[in-house]
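Visitor: I have a model open in my viewer and would like to learn how to read it. Could you walk me through some features?

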Amino acid sequence: MKIGMIVAMDKELKQLRPLFPEDKVILQKSGIGKVNAAIQAVEMIRQYKPDVIISSGCAGGNGDDVNVQDVVVSSELAYHDVYCGTAIDSTTVYGQVQGLPARFQADPYLLRKAQELSIVNCQLSIHPGLIVTGDWFVDSKEKMREIIGHFPEAKAVDMESAAIAHTCYIYKVPFISFRVISDIPLRDTDASQYHNFWDTIAENSFQVTKTFIESL
């Protein structure tokens, strides 16, 4: 199986590169944000024709059961900053690009393997659930409350995953996202959890992604 993996930042690339031989995983950095992520996904698909694409990196978490260093695995993905209105199509919902699914579903096989990993290795705190994506670094409780107001069941908020899912949907490439929780915006006031994550506890935070890939 040819596996492609996309990360947004040098910090994430530094953590993940030593975990995977270059002949086993095509690991590339996209840059931050939806457009960068989509461009990189297209380039990866065209150049390498991977059998699956995985998005990995960090994200803000949501929910009483989610904590820093837990991993959220996408069961579905949506945009939290897209609204096409209802003037033309009254069935389009908030977060949906008109003409596309309201939510992009993770590949069933990849999701099942991720859930099996959670069951087998119970010390790993893995949460399957909704990941929402937008071009906004969530550095305030007010912004997080606004996002969660639209998507109360969201487990994680990031800036790339749904854009890669969108691209993979169009190109018919199986996709899933693994996001390590770096901070919980509704429990923080000044993004200090995020900075502390990289300063003190990021090392080895991406071992779950490694274990998942080894299970494929």
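Guide: Gladly. Let us begin with burial: a residue is buried under 20% relative accessible area, exposed over 50%, and partly exposed in between (1.4 Å probe, protein chains only). At 0% relative accessibility, phenylalanine 212 counts as buried. Please keep in mind that this is a predicted model, where local features need pLDDT of at least 70 and side-chain atom pairs pLDDT 80 or more, while totals for chains, interfaces and linings use all residues. Residues are numbered from 1 along each chain as its sequence is written, and side-chain values use heavy atoms, leaving out hydrogens and water.

Visitor: What is the ring partner of phenylalanine 212, and how is the pair arranged?

Guide: Rings of Phe, Tyr and Trp (its six-membered ring) pair if their centres lie within 6.5 Å; planes under 30 degrees apart are stacked, over 60 edge-to-face, and the rest tilted. The structure holds 8 aromatic pairs. In one of them, the ring centres of phenylalanine 178 and phenylalanine 212 are 4.5 Å apart with planes at 40°, so the pair is tilted. Phenylalanine 178 sits in strand β8 (residues 175-183) and phenylalanine 212 in helix α7 (residues 207-215), 34 residues apart. For these names, helices (H or I, at least four residues) and strands (E, at least two) are DSSP runs numbered from the N terminus. Phenylalanine 178 is buried too, at 1% relative accessibility.

For contrast, phenylalanine 197 and tryptophan 198 have ring centres 5.0 Å apart and planes at 85°, so that pair is edge-to-face.

Visitor: Which strands does β6 pair with?

Guide: Two strands pair if DSSP finds at least two bridges between them. Strand β4 (residues 71-79) runs parallel to β6, with 8 bridges joining them; valine 73, for instance, has proline 128 as its bridge partner in β6. On to strand β7 (residues 156-158), also parallel to β6 and joined to it by 3 bridges. Here valine 132 stands opposite valine 157 in β7. From β6 the chain passes through helix α4 (residues 141-150) to β7 in a right-handed β-α-β crossover, meaning that with the strands pointing away from the viewer, the path from the first strand over the helix to the second runs clockwise. As for cover, 7 of the 8 residues of β6 (residues 126-133) are buried.

Visitor: Where do lysine 34 and aspartate 135 lie, and how far apart are they in sequence?

Guide: They meet in a salt bridge (3.9 Å, N to O), a term for a side-chain nitrogen of Lys or Arg within 4 Å of a carboxyl oxygen of Asp or Glu. Lysine 34 lies in helix α2 (residues 34-48) and aspartate 135 in the loop between β6 and α4, so the pair ties together parts 101 residues apart in sequence. Lysine 34 is buried at 15% relative accessibility, whereas aspartate 135 is partly exposed at 41%.
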